[in-house]
Amino acid sequence: MLLQTVRPNIVQAIRAYRVEDLQQSAQDAGQHFLYANLTTAQSKQEVLDAIAESFLFPVSYGKNLDSLYDCMTDLVHKAGQQPGFVVVLEQLPDNPRFDREAREQLLDVFRDAADFWAERKIPFRCFYSFQ
């Protein structure tokens, strides 16, 4: 099984993994698979909007990094026992409107979410790629 070769609470580049294989592995493990294709997003706000739409966040989502963290952690945690997560952020923008600092801030939210779930002994793996 693919997920057995990946640390359980990590944020990493997708590299040699295929989205379809990650999705199948999540399904086989009974874990949530969250996928966002960010090809058309060009700014921080567009990235946050695309993630919210793809992950089916509630209307109350504040469309900022703090709200993203809350949706990825507390909101889901309060919904009950969780089996684990495989998150894919495909084609993060690489342009002046979404520069390296913006990307690192976004990925830090997912790193913090991985730490949150690690404390609860729930696997949380996030994979990303750049445009």
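**Cysteines, aromatic rings and a helix contact**

Cysteine 71 is buried, and its relative accessible area is 7%. The model discussed here is predicted. Cysteine 126 is buried too. Its relative accessible area is 0%. A search of the whole structure turned up zero disulfides. Cysteine 71 takes part in none, and the nearest cysteine sulfur, that of cysteine 126, is 15 Å away. Seen from cysteine 126, the closest cysteine sulfur is the one in cysteine 71. A disulfide requires the two sulfur atoms to be within 2.5 Å. The separation of 15 Å is therefore too far for a bond.

Aromatic rings come next. A pair of aromatic rings is described by two values, the distance of the centres and the angle of the planes. The count of aromatic pairs in the model is nine. One of the pairs joins tyrosine 69 and phenylalanine 116. Tyrosine 69 belongs to helix H3, residues 65–72, while phenylalanine 116 belongs to helix H5, residues 100–119. The pair therefore ties together parts that lie 47 residues apart in sequence.

The two partners differ in accessibility. Tyrosine 69 is partly exposed, at 26% relative accessible area. Phenylalanine 116 has 7% relative accessibility and counts as buried. Phenylalanine 116 also pairs with tryptophan 117. Here the ring centres are 5.0 Å apart and the planes stand at 85°, so this pair is edge-to-face. Both phenylalanine 116 and tryptophan 117 are buried. One aromatic cluster takes in Tyr69, Phe85, Phe116, Trp117 and Phe124.

Charged side chains also meet aromatic rings. The charged end of arginine 120 sits over the ring of phenylalanine 116, at 3.6 Å from the ring centre. Arginine 103 lies over the face of phenylalanine 130. In that case the distance to the ring centre is 5.0 Å.

Helix packing was examined as well. Two packed helices are described by the angle between their axes and the distance between the axes. Helix H2, residues 44–54, packs against H5 at an angle of about 30°. The two axes are 11 Å apart. From H2, the contact involves Lys44, Val47, Leu48 and Ile51. From H5, Gln105, Leu106 and Phe110 take part. Five residues of this contact are nonpolar, one is polar and one is charged.

Note on methods:
Residues are numbered from 1 along each chain as its sequence is written. This is a predicted model: local features need pLDDT of at least 70, side-chain atom pairs count only at pLDDT 80 or more; totals for chains, interfaces and linings use all residues. Side-chain values use heavy atoms; hydrogens and water are left out. Rings of Phe, Tyr and Trp (its six-membered ring) pair if their centres lie within 6.5 Å; planes under 30 degrees apart count as stacked, over 60 as edge-to-face and the rest as tilted. Helices (H or I, at least four residues) and strands (E, at least two) are DSSP runs, numbered from the N terminus. Buried means under 20% relative accessible area, exposed over 50%, partly exposed in between (1.4 Å probe, protein chains only). A charge sits over a ring if NZ of Lys or CZ of Arg is within 6 Å of the ring centre and within 35 degrees of the ring normal. Axes are lines fitted to C-alpha atoms, for helices over the stretch in contact, and angles run from 0 to 180 degrees between N-to-C directions. Contact means heavy atoms within 4.5 Å. Ala, Val, Leu, Ile, Met, Phe, Trp, Tyr, Cys and Pro count as nonpolar, Asp, Glu, Lys and Arg as charged, and the others, Gly among them, as polar.
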